[in-house]
Amino acid sequence: MACTPEMDLLQEAYASSSEESDSSESEQAERLPQIPSQVLDKFHITPSAPKDTMIKPSFKSWVTFAYLEWRLTRQERVRLDRVVSKCNSIIKQHTGGKFTFRPTYWSELGSPSPLHVSLTSNITFAKPEIRDAFLSRVESSIDESDLAPFQVKLDNQPLVIRSLANRGNFFLILNLEASLKQGHVGELTELLASEYRRLEGKAFYKIVPSLCHVSIGSLVAKPGTFDPVTLNKVLQQCIEPEDLSLGFKATCIKLDRNRESLSVRFPGVQSKLD
């Protein structure tokens, strides 16, 4: 069949579309305007409905959770993809292909998700007014402190840990640098614990600063079928440390309230609860 001028134009327009689709999509994604943090924070926690709407809990509680948030760039996700893929390859060889870590910085639908450094476990309150009073006290305490924005630097050696809350959950993590745990992070965890004690007259389970980390992968396994101690030895032997240059600047702490994430800025950035 002879090519018409119209077909030539179509060929010029679309001949290379399949070859360049990946790069063009990436370029388009980079050019898209970022969603304002106020919108992302407003819908921070995905809504969920109980499986049986006829079952009503006998006790209702209000929970908050404090953390440092890290919103990754595309380049940072690419670097983490390389780390997780390398770890999964080693773990598959060691476990016969039974276990694979799922990256925590991608949602189940494939959209980017932020990572975080936990500063508390879940803090439960009997009334929402008490929870809101705690949030206000934390805001005032930070506003009156000498805290300032700081750089969160991560270690380059990935490790596997078991969840403290569920023995069947495991995480692939990057530790925080030791100096950071003893400094800014330790100060924040103590501030949060102190404000809770003053309000409730008791202590909650405080995160130990030395255990603070960023989870970059997760998996579920039956207790006894997955040995993190042995796997860490294998990872340390097989993975040569490289300078990943991963980290972020912390300008605030985040606190969850219902499905919303609130920001408490450090002095000099913005001294109010957003």
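I count a residue as buried under 20% relative accessible area, as exposed over 50% and as partly exposed in between, with a 1.4 Å probe and protein chains only. The model is predicted, so I take local features only at pLDDT of at least 70 and side-chain atom pairs only at pLDDT 80 or more, while totals for chains, interfaces and linings use all residues. Residues are numbered from 1 along each chain as its sequence is written, and side-chain values use heavy atoms, with hydrogens and water left out.

Entry on the whole chain. Of the 274 residues, 37% count as buried. I find 8 helices and 12 strands, taken as DSSP runs numbered from the N terminus (helices H or I with at least four residues, strands E with at least two). With a contact defined as heavy atoms within 4.5 Å, I note that residues 24 or more positions apart account for 77% of the contacts with a separation of 6 or more.

Entry on aromatic pairs. I looked for rings of Phe, Tyr and Trp (its six-membered ring) with centres within 6.5 Å, calling planes under 30 degrees apart stacked, over 60 edge-to-face and the rest tilted. The structure holds 10 such pairs. One of them joins W70 and F248, which are stacked at 5.6 Å centre to centre with 10 degrees between the planes. Because W70 lies in strand β2 (residues 66-70) and F248 in strand β10 (residues 247-250), this pair ties together parts that are 178 residues apart in sequence. Both W70 and F248 are buried.

I then turned to F134 and Y196, whose ring centres are 6.2 Å apart and whose planes stand at 80 degrees, so I record the pair as edge-to-face. F134 belongs to helix α5 (residues 128-143) and Y196 to helix α7 (residues 184-200), so that distant parts of the chain, 62 residues apart, are linked. Is F134 buried or exposed? F134 is buried, since its relative accessible area is 0%, and Y196 is buried as well, at 4%. I also note one aromatic cluster formed by F99, F101, F170 and F226.

Entry on P228. This proline is found in helix α8 (residues 228-238) and is buried, with a relative accessible area of 9%. Which residues does P228 touch, not counting those up to four places away in sequence? I find V160, R162 and F170. The C-alpha atoms of P228 and R162 are separated by 7.1 Å, although the two residues are 66 residues apart along the chain.
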